[in-house]
Amino acid sequence: MEKNSKSHPDCINSSNPYHECVEYCFKKISEAKERLDKEEAGLSQWKKQLEVERTVHPDCINASNPFHECGDFCFRKIAEAKELAKNIGSQQGGDVAQSSLDPSNQSEVAEDRRPDSVEHTAHDDDQHSDKNVEADYPVLNERQKKLFELRLKMNEARKANQMAIVAEKNRLEAPPEARGVSKQKWLEERKKKIGKLLDANGLDMSKSYMLDTQEAAEEKYKKWEKDPAPFGWDVFNQKSLYNAYKKRTKNIEVDLEEYNSMKEKDPEFYRDASSLQYGKAPKIPDENIDRMVKELEDRDLKRKAFSRRRRFHEEKDIDSINDRNEHFNKKIERAFGKYTLEIKNNLERGTALPD
């Protein structure tokens, strides 16, 4: 199909063969050209202004950076480098001439090039460079000096922030264990040993169960038949609470004769909401109370005796008063840590001040 001759080549719809440019298209094309010309003019003006305002020495190592402006440090280093190069060149020329005239002085020249003489020469060069720094030193106005000081402060603050971030990360993250073998490495070594045994017996990996002994097989079956422990919110459902109740009352002795006698003495032993004795506690023997207290103490001792090996990080910040409080704080941190992170950071930095 022939291209439409009524469409302007700069129109955004010129690729459409059925499009015909009208007054709206020409207006948009002219606006785009004017905007492009303004942007080019502003860019060129910005470059000229940047070249005028910049103070960059041609011998500076950062002269290729368009945003770099030489300061005291740059000019001092340039002057020192020039003076050092001049002294080294003159010293090498004198040494070569002296060695060519008197070969017996080669040992003395070698001794002069020892580190002590180099340090002495460097010290002399520093003194000469300090005298000649003013020759390559441009005059900075107040605005440039202020800008240079602000940039130095920004660089110092940036370095301090980076060091603080690294230190905080090392403090929060637990270090790797120095002793023992990692679980992944142990599994890989065990898999290699099992593979060698299977190859020796002419079996593949799917028949690895044939290497298990009777005791190991019985242990596996016991684990498979055992119900998995409740996890997450399943710990608080009715079934889990009932199982925990049965487990607690399994070792409690019950006197059926005493129970039946108490039920016969009290006609309202099983009270309902309409009973006049509802809410009134019956008389309980002291032996039963002591037995309940003993059960609670045994339960507390059993809970304290249970422990699981965990990593201990000495450099971590202490925010708890005991182990139970530490465990509770970890739960709170998992649930609300991301919402309170900014508040904690402000309090640590001292920036959490009232408006």
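Is A32 buried, partly exposed or exposed? I looked this up to begin with, and A32 is partly exposed, with a relative accessible area of 32%; the class follows because buried means under 20% relative accessible area, exposed over 50%, and partly exposed in between, with a 1.4 Å probe and protein chains only.

**Ground rules**

I note that this is a predicted model, in which local features need pLDDT of at least 70 and side-chain atom pairs count only at pLDDT 80 or more, while totals for chains, interfaces and linings use all residues. Residues are numbered from 1 along each chain as its sequence is written, and side-chain values use heavy atoms, with hydrogens and water left out.

**The chain as a whole**

I looked up the secondary structure of the protein chain and found eleven helices and zero strands, where helices (H or I, at least four residues) and strands (E, at least two) are DSSP runs numbered from the N terminus. Of the 355 residues of the protein chain, 11% count as buried. The protein chain exposes about 32200 Å², and carbon and sulfur atoms supply 55% of that area, with accessible areas taken from the Shrake-Rupley method with a 1.4 Å probe, and, for residues, only the protein chains shown counted as cover. I also checked contacts (heavy atoms within 4.5 Å): among those between residues at least 6 apart in sequence, 37% join residues at least 24 apart.

**Helix α1**

I returned to A32, which is found in helix α1. A32 and D10 are 22 residues apart in sequence, and their C-alpha atoms are 9.7 Å apart in space.

In helix α1 (residues 23-53) I also found E31 and K28, three residues apart, about one turn of the helix. E31 forms a salt bridge with K28, with 3.8 Å between the closest N and O atoms; the term means a side-chain nitrogen of Lys or Arg within 4 Å of a carboxyl oxygen of Asp or Glu. E31 counts as partly exposed at 33% relative accessibility, and K28 is partly exposed with a relative accessible area of 42%.

**Other salt bridges**

R271 forms a salt bridge with D266, the closest N and O atoms being 3.6 Å apart. R271 counts as partly exposed at 29% relative accessibility, and D266 is partly exposed with a relative accessible area of 23%.

The side chains of D300 and R303 meet in a salt bridge at 3.6 Å, N to O, and both residues lie in helix α10, three residues apart, about one turn of the helix. D300 counts as partly exposed at 32% relative accessibility, while R303 is partly exposed with a relative accessible area of 44%.

**A nonpolar patch**

I next looked up a nonpolar surface patch of about 420 Å², made by I284, I289, M292, V293 and L296. Patches are made of residues with over 30% relative accessible area and no salt bridge, like charges being joined within 9 Å and nonpolar side chains (Val, Leu, Ile, Met, Phe, Trp, Tyr) within 5 Å. M292 is found in helix α10 (residues 286-305) and is partly exposed, with a relative accessible area of 47%.

Helix α7 (residues 214-225) has twelve residues and reaches 17 Å from its first C-alpha to its last, close to the 16 Å expected at 1.5 Å a residue, the expected span being 1.5 Å times one less than the number of residues. Of the twelve residues of α7 the number buried is zero, so the helix lies largely in the open.

In helix α8 (residues 238-249) I picked out S240, which counts as buried at 17% relative accessibility. Leaving aside residues up to four places away in sequence, S240 touches P230, D234 and V235.

What does helix α11 (residues 323-349) span between its end C-alpha atoms? Helix α11 spans only 28 Å, whereas a straight helix of 27 residues would span 39 Å at 1.5 Å a residue. I found a kink of about 80° in α11, centred on G337, the bend at a residue being the angle between axes fitted to the seven residues ending there and the seven starting there. The buried residues of α11 are G337, N345 and N346, and just after the helix G350 takes a positive phi of about 85°.
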